[in-house]
Amino acid sequence: MSQENTENLDKDTTSEVNQAETASVEQSELSVEEQLQEQLAQEKDKFLRLFAEFENYKKRTTKERIELFKTAGQEVLQAMLPVLDDFDRAWNQISTSQDEALVKGVELIHEKLKSTLTSKGLELVDIKAGDEFNADYAEAITQIPAPSEDLKGKIVDVIEKGYKLGDKIIRFPKVVIGN
């Protein structure tokens with residue numbers, strides 16, 4: 001072999017080695033780039049999950065806060081119910097009085113108390129004698145023989161009024177059922 005052939009062979013071998021090294025470097029650069037892309041994708045996924053979790057937390061706490069505000073006065077209103085019951089019983093007695101000024105004064109106070117409680121969200125559960133008994137809306141305290149056939153399984157008397165706050169019943173009406 002001549003020296004030129006040897007030099008050309010060396011150059012070819014050297015250029016092949018350089019190309020292999022260049023390809024290896026490019027491949028390692030690509031793998032580094034791919035690794036970075038993968039890490040970026042993982043971090044984006046973590047961020048999206050964290051963001052979604054935070055949004056769910058905000059929605060949940062907002063809903064809980066709204067529920068709290070709706071029922072915040074529930075304990076106070078429940079404490080006022082016996083007073084309202086006593087006032088209703090007193091009104092039934094006073095309304096038969098001959099003293100017009102007394103009747104009018106007590107009537108005004110009674111209506112003011114009822115309207116104040118109503119403005120705070122208190123509503124009367126509308127159940128009366130003759131209605132079909134439903135355990136979801138009333139509490140049966142006793143059963144008596146029905147005075148007539150049409151009152152069997154129905155409400156005969158309402159012993160204590162029931163009240164609800166919004167859609168939630170805070171005191172079930174106590175009723176007597178015909179048997």
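Against which helix and which strand do the buried residues of H3 pack? In this predicted model, local features require pLDDT of at least 70 and side-chain atom pairs count only at pLDDT 80 or more, whereas totals for chains, interfaces and linings use all residues. Residues are numbered from 1 along each chain as its sequence is written, and side-chain values use heavy atoms, with hydrogens and water left out.

The buried residues of H3 pack against helix H2 (74-94) and strand S1 (122-124), where contact means heavy atoms within 4.5 Å. Helices (H or I, at least four residues) and strands (E, at least two) are DSSP runs numbered from the N terminus. Helix H3 comprises 20 residues, 100-119, and spans 28 Å from its first C-alpha to its last, close to the 28 Å expected at 1.5 Å a residue; the expected span is 1.5 Å times one less than the number of residues. The buried positions of H3 are Val-103, Val-106, His-110, Leu-113 and Leu-117. Seen down the axis of H3, these buried residues fall within an arc of 100 degrees, so they line one face of the helix; the arc is that of the directions from the helix axis to the C-beta atoms. On the other side of H3, the exposed residues are Glu-100, Ala-101, Leu-108, Lys-112 and Ser-119. Buried denotes under 20% relative accessible area, exposed over 50%, and partly exposed in between (1.4 Å probe, protein chains only). Gly-121, with a positive phi near 105 degrees, follows H3.

Pockets were examined next. Rolling a probe the size of a water molecule over the atoms shows where empty space is left. On a 1 Å grid over the protein atoms alone, a pocket is an open set of points where a 1.4 Å probe fits, with protein on both sides within 12 Å along at least five of seven lines, and lining residues have an atom within 4 Å of a point. Grid points are joined across faces, edges and corners, and a volume is the space filled by probe spheres set on the points.

The largest pocket holds about 300 Å³ of space. Of its 13 lining residues, Asp-88, Val-158, Ile-159, Glu-160 and Lys-161 are the closest to the centre. Two or more lining residues are given by each of H2 and strand S3 (155-160), and H2 provides the largest share, 4 residues. The lining divides into 6 nonpolar, 2 polar and 5 charged residues. Here Ala, Val, Leu, Ile, Met, Phe, Trp, Tyr, Cys and Pro count as nonpolar, Asp, Glu, Lys and Arg as charged, and the others, Gly among them, as polar.

The second largest pocket has a volume of about 170 Å³. Its lining includes Asp-88, His-110, Leu-117, Lys-161 and Tyr-163. H2, H3 and S1 are the elements that give two or more residues to this lining, with H3 supplying the largest share, 4 residues.

Asp-88 is located in helix H2 and is buried, with a relative accessible area of 11%. When residues up to four places away in sequence are not counted, Asp-88 touches His-110, Lys-161 and Tyr-163.

Two loop residues were also considered. Pro-147, in the loop between strand S2 (139-144) and S3, is exposed, with a relative accessible area of 62%. Pro-147 and Asn-179 are 32 residues apart in sequence and 9.0 Å apart in space, C-alpha to C-alpha. Asp-126, in the loop between S1 and S2, counts as exposed at 63% relative accessibility.
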